[in-house]
Amino acid sequence: MFFLATILLFGSASAQKVIQLNYCSIDEHTLRMDCKYAIPAESPEPFCKYTNGERLFDTTDPDEEQHAPFKKRARVRIFPGNNCRLLFKNLPKGKSNFTCNIKLADSATSSKTSVVEKKLLLPCSGWSVLLQSCSGLLLTLMTLPMLLEIHWL
């Protein structure tokens, strides 16, 4: 029993994990979504795919076929720093679900879903990325002057 528990513990500790899903608009009609993930050291490059339910936007896995309506609208690429990026053209009005799936060969898939509303999308810039990914740091930096003034009174 102890042996089985040890194998299960180490198996789950070494699996891949989706850490963060950020999105912004490149232009009026194009969505950029970045999926940050963690994988064990010495792991091969994982496969990344973005889905909406059963529909596959795009994938880095050559064995999977992209859903036909998205062949000219969606592209997925893996970038250094464990980042999987989706570029999606002609984002429809209203809300859309996007799921990032990360899979290492012969292991379970890790995923995270975000709901994107076109009218609420921020433009892609350093400021919007900072707002989405570092909200705690940004809040601290914005309140620091106020805290320093209170201290001096």
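Which hand does the link of Cys 24 and Cys 124 have about the S-S bond? With 95° about that bond, the link is right-handed.

## Basis of the model

This is a predicted model, in which local features need pLDDT of at least 70 and side-chain atom pairs count only at pLDDT 80 or more, while totals for chains, interfaces and linings use all residues. Residues are numbered from 1 along each chain as its sequence is written, and side-chain values use heavy atoms, with hydrogens and water left out.

## The disulfides

A disulfide is a covalent bond between the sulfur atoms of two cysteines. Here a pair of cysteine sulfur atoms within 2.5 Å is taken as a disulfide, and by this rule the count comes to 3. With bonded cysteines counted along the chain, the disulfides follow the pattern 1-6, 2-5, 3-4.

## Cys 24 and Cys 124

The sulfur atoms of Cys 24 and Cys 124 lie 1.9 Å apart. This pair links distant parts of the chain, with Cys 24 in strand E1 (residues 17-27) and Cys 124, 100 residues apart from it, in the loop between strand E8 (109-117) and helix H2 (126-133). Helices (H or I, at least four residues) and strands (E, at least two) are DSSP runs, numbered from the N terminus.

Cys 24 is buried, with a relative accessible area of 3%, whereas Cys 124 counts as partly exposed at 24%. Buried means under 20% relative accessible area, exposed over 50%, and partly exposed in between (1.4 Å probe, protein chains only).

## The two left-handed links

Cys 35 is joined to Cys 100 with an S to S distance of 2.1 Å, and this link is left-handed, with -90° about the S-S bond. The pair links distant parts of the chain, since Cys 35 lies in strand E2 (residues 30-38) and Cys 100 in strand E7 (residues 95-103), 65 residues apart. Cys 35 is buried at 0% relative accessible area, and Cys 100 is buried at 0% as well.

The sulfur atoms of Cys 48 and Cys 84 are 1.8 Å apart, and their link is left-handed, with -85° about the S-S bond. Cys 48 lies in strand E3 (residues 47-52) and Cys 84 in strand E6 (residues 83-89), so the pair ties together parts that are 36 residues apart in sequence. Cys 48 is buried, with a relative accessible area of 0%, and Cys 84 counts as buried at 0%.

## A residue in a loop

Lys 71 lies in the loop between strand E4 (55-59) and strand E5 (74-79), and Lys 71 is partly exposed, with a relative accessible area of 36%.
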